[in-house]
Amino acid sequence: MSIFGVGTETYLYVNGLTINKALPISNNKTLMPVKCKLPLDTISKLIKRDVDFAIAILCSGSLSSQLKIEAENPKDLAISAWNAQWDLILLSAIFNCNCVCNLQCTQPLEEISSDSALQVTNYHMKGLINEPYTVTDENCKWINQYFSNAQALIENDSFMMAVHSMATYKWNPHPRVQLAILWAGIESLFRINSELSFRISLYISKFLSDKNSDEAKKIFDDVKSLYKSRSSAVHGNNIKGDSTTLVVRSSSLLNRLIVKCIEINGLPDIENLIY
């Protein structure tokens, strides 16, 4: 990952997430729309390495938003821009999309010129193929209310593991591996060492059901079934059911857990879930 700090503001060009109006996500970071494509003639003047130029060309067609970052000096700007990668990972996990930054610039996309500094931030090239997720007005209200909770929770290793699993499982093309990644994230939130299938089904059902016994029973049965599929995937056994559907169900479950943690501003309280 390559990030620079020049001046007092910088822009991370984002693939995978579309927004129609500016959305502050912290006191110095604002997610903004893009209103034009990256001009190829300008790219050719700013990027000299062939591989970087190729990556910029590949990214340019699907740039869908940009993250503006401000700071008092170049050092703090570089630190904020580096840490902003976690904000994009959080947004990916919350909206179940590939929200990534592959390019950084000293100017917003609409003002880029031959005097700008533009560079490739990474060479993974994720978020280029799938349709970007469109942030709705309801999403914006939710971000305004809860995103600061998510930014605080990411300091917790268990939550960070869950978020990273949710944000990156699509990077692997194999459903078995996707299931393994998703369930690593699910299990990290509950820290269970024994009776895994029963305990994780019980804890998740209690955590998500809001004391509704019928809903809790349904969640318990669903999680127990999904956990069997996870075990088959991890241990190389035959998987019952369509593997793609199982991935979708597992990702939906992890997404629900992450969103619930953010909304309550905390991880599942295992002791409280038992009694």
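The model is predicted, so local features are reported only at pLDDT of at least 70 and side-chain atom pairs only at pLDDT 80 or more, while totals for chains, interfaces and linings use all residues. Residues are numbered from 1 along each chain as its sequence is written, and side-chain values use heavy atoms, with hydrogens and water left out.

**Nonpolar cores**

A nonpolar core is here a set of buried Ala, Val, Leu, Ile, Met, Phe, Trp, Tyr and Cys residues joined through side-chain atoms within 4.5 Å. Buried means under 20% relative accessible area, exposed over 50%, and partly exposed in between, with a 1.4 Å probe and protein chains only. The largest nonpolar core has 68 residues, and Phe159, Phe190 and Ile204 are the members that touch the most others. Helix H3 (residues 74-95) is the main contributor to this core, giving ten residues. Helices (H or I, at least four residues) and strands (E, at least two) are DSSP runs, numbered from the N terminus. Another core, of 17 residues, lies apart from the largest one and includes Val34, Ile43, Ile55 and Val120.

Contact is taken as heavy atoms within 4.5 Å. When residues up to four places away in sequence are not counted, phenylalanine 159 touches Leu90, Ala150, Leu153, Ile154, Leu189, Ile258, Cys261, Ile262 and Leu267.

**Helix H6**

The expected span of a helix is 1.5 Å times one less than its number of residues. For the 14 residues of helix H6 (residues 175-188) this gives 20 Å, in agreement with the 20 Å between its end C-alpha atoms. Gln178, Leu179, Leu182, Trp183, Gly185, Ile186 and Ser188 are the buried residues in H6. Among the elements that cover these residues are helix H5 (157-168), helix H7 (196-209), H8 and helix H9 (243-264).

**Glutamine 104**

Glutamine 104 belongs to strand S6 (residues 100-105) and is buried, with a relative accessible area of 0%. A polar contact is a pair of N or O atoms within 3.5 Å; within protein, one must be able to donate a hydrogen and the other to accept it, and residues adjacent in sequence count only if both atoms are side-chain atoms. The side chain of glutamine 104 makes such a contact with the side chain of threonine 10, at 2.9 Å. A polar atom of the glutamine 104 side chain also lies 2.9 Å from the backbone oxygen of phenylalanine 4. Leaving aside neighbours within four places in sequence, the residues in contact with glutamine 104 include Ser2, Tyr11, Ala81, Ala117 and Thr121.

**Salt bridges**

A salt bridge is a side-chain nitrogen of Lys or Arg within 4 Å of a carboxyl oxygen of Asp or Glu. The structure holds nine of them, including those tabulated here.

| Salt bridge | N to O distance |
|---|---|
| Lysine 141 and glutamate 138 | 3.6 Å |
| Aspartate 221 and lysine 217 | 2.7 Å |
| Lysine 218 and aspartate 222 | 3.0 Å |

Lysine 141 and glutamate 138 both lie in helix H4 (residues 137-153), three residues apart, about one turn of the helix. Lysine 141 is exposed at 53% relative accessibility, and glutamate 138 is exposed at 54%. Aspartate 221 and lysine 217 are four residues apart in helix H8 (residues 213-235), which means that about one helical turn separates them. Lysine 218 and aspartate 222 are likewise four residues apart in helix H8. Lysine 218 is exposed at 54%, whereas aspartate 222 is partly exposed at 30%.

**Aromatic pairs**

Rings of Phe, Tyr and Trp (its six-membered ring) pair if their centres lie within 6.5 Å; planes under 30 degrees apart count as stacked, over 60 as edge-to-face and the rest as tilted. Six aromatic pairs are found in the whole structure. Phenylalanine 95 and tyrosine 133 are stacked, with 4.8 Å centre to centre and 10 degrees between the planes. This pair links phenylalanine 95 in helix H3 to tyrosine 133 in strand S8 (residues 133-134), 38 residues apart. Phenylalanine 95 is buried at 10%, while tyrosine 133 is partly exposed at 27%.

Phenylalanine 198 and phenylalanine 220 form an edge-to-face pair, with 6.0 Å centre to centre and 75 degrees between the planes. Phenylalanine 198 is in helix H7 and phenylalanine 220 in helix H8, so this pair ties together parts 22 residues apart in sequence. Phe190, Tyr203 and Phe207 are linked into a cluster by ring pairs.
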